[in-house]
Structure formats: structure tokens, C-alpha cells
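Keep the sequence and the 3D view open side by side.

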Amino acid sequence: MDMQIYFPGGKRVYADYDGFTVETDQPARGGGDGSAPAPFDLFLASIGTCAGIYALGFMQQRDIDPQGSRLTMRSSYDPAVGLINKIELELKLPVGFPEKYRAAIVSAMNLCTVKKHLVQPPAF
């Protein structure tokens with residue numbers, strides 16, 4: 001899997017992959033224009049959206065209408081090391097979601113491939 005990364009100007013860095021262009025920029029406080037999410041913001045979004053696609057798939061496989069459901073992701077930052085040390089995902093389930101599936105949908109979200117790569121990171 002090849003991804004082409006390039007620098008279109010300023011603090012912007014773009015990635016071309018599979019017919020898509022992923023645009024990033026730094027916020028103004030970081031010397032950028034704030035024209036796109038920062039790379040780290042996309043990293044965090046990939047965690048939330050990955051868990052989200054597993055939750056959505058779980059509901060769709062069981063013909064549960066996902067209307068009204070959503071995920072809220074919260075992260076805690078450790079200033080001593082300059083890194084996030086905890087990520088919490090809170091799932092709001094749709095009205096009428098069957099109680100018998102509550103634990104199973106959380107288990108499904110834990111199958112997220114992005115999370116698995118954090119647990120067992122690739123070599124660089």
C-alpha cells in the first residue's frame with residue numbers, strides 16, 4: 001500500500017491514496033492557515049470513526065435503526081510526557097436499542113482496526 005505525501009505550500013501536507021486526497025494543515029498558532037485538520041486531529045478522528053463504523057455495522061446487521069445514535073470521544077492529555085494518556089468513547093444508543101445487545105456492541109467497537117494497531121503497533 002503506497003501513499004504519496006507532498007507539500008503544497010505553507011504548513012500544508014497532503015496525502016494521495018486510492019483516488020482521495022487527505023489534506024492537513026497546522027492551526028494558526030502552529031504557523032499554518034488552519035485550512036484543514038492537523039495530522040494529529042485526523043489520527044484521533046480515525047480512532048472515533050473506526051469505532052463508529054463497527055457500531056454502525058453492528059446495528060445494520062441486526063436491522064436496528066441507528067438514527068439518534070452517536071459517539072463522543074474524550075481524550076486526556078498528560079503534560080508531563082506531552083502525550084494523550086487516555087481515550088474514552090461514549091456511545092449514545094438509539095431509542096429502543098435492545099438491552100441484550102449493549103455489551104455486544106461495545107465488544108464490536110473494540111474490534112476497531114485502528115485501536116488494534118495501537119495495541120500492537122507496526123515497526124517504523
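Start at Ala38. This residue sits in the loop between S3 and H1. The model is a predicted one. Is Ala38 buried or exposed? Ala38 counts as buried, because its relative accessibility is 12% and the cut-off for buried is under 20%. Leaving aside residues up to four places away in sequence, Ala38 touches Thr24, Asp25, Gln26 and Pro27. Now look across to Met73. Ala38 and Met73 are 35 residues apart along the chain. Their C-alpha atoms are separated by 17 Å.

Next comes helix H1, which covers residues 39-61. H1 has 23 residues. From its first C-alpha to its last, H1 reaches 32 Å. That is close to the 33 Å expected at 1.5 Å a residue.

Which residues of H1 are buried? They are Leu44, Ile47, Gly48, Cys50, Ala51, Ala55, Gly57, Phe58 and Met59. An α-helix has 3.6 residues a turn, so residues three or four places apart point the same way.

Take H2 next, which spans residues 102-109. The axes of H1 and H2 are 8 Å apart, and the two helices pack at an angle of about 140°. The crossing of H1 past H2 is right-handed. On the H1 side, the contact is made by Ala51, Tyr54, Ala55, Phe58 and Met59. On the H2 side, Ala104, Ile105, Ala108 and Met109 take part. Ala51, Ala55, Phe58 and Met59 are among the buried residues of H1.

Now for the sulfur bridge. How many disulfides does a search of the whole structure find? The search finds one. The disulfide joins Cys50 to Cys112, with an S to S distance of 2.3 Å. About the S-S bond the angle is 130°, and the link is right-handed. Where do the two ends lie? Cys50 is in H1, while Cys112 is in the loop between H2 and H3 (113-119). The pair therefore ties together parts that are 62 residues apart in sequence. Both ends are out of the way of solvent by the accessibility figures: Cys50 counts as buried at 9% relative accessibility, and Cys112 is buried with a relative accessible area of 2%.

Go back to the end of H1. Just after the helix, Asp63 takes a positive phi of about 55°, although Asp63 is not a glycine. Asp63 lies in the loop between H1 and S4. Its relative accessibility is 74%, so Asp63 counts as exposed.

One more backbone detail is worth a look. Asp18 also has a positive phi of about 55° and is not a glycine. Find Asp18 in the loop between strand S2 (12-17) and strand S3 (20-24). Is Asp18 buried or exposed? With 62% relative accessibility, Asp18 counts as exposed.

Key: Residues are numbered from 1 along each chain as its sequence is written. This is a predicted model: local features need pLDDT of at least 70, side-chain atom pairs count only at pLDDT 80 or more; totals for chains, interfaces and linings use all residues. Side-chain values use heavy atoms; hydrogens and water are left out. A disulfide is a pair of cysteine sulfur atoms within 2.5 Å. Helices (H or I, at least four residues) and strands (E, at least two) are DSSP runs, numbered from the N terminus. Buried means under 20% relative accessible area, exposed over 50%, partly exposed in between (1.4 Å probe, protein chains only). The expected span of a helix is 1.5 Å times one less than its number of residues. Axes are lines fitted to C-alpha atoms, for helices over the stretch in contact, and angles run from 0 to 180 degrees between N-to-C directions. A crossing is left-handed if the near helix is turned anticlockwise from the far one by less than a right angle, and right-handed if clockwise. Contact means heavy atoms within 4.5 Å.
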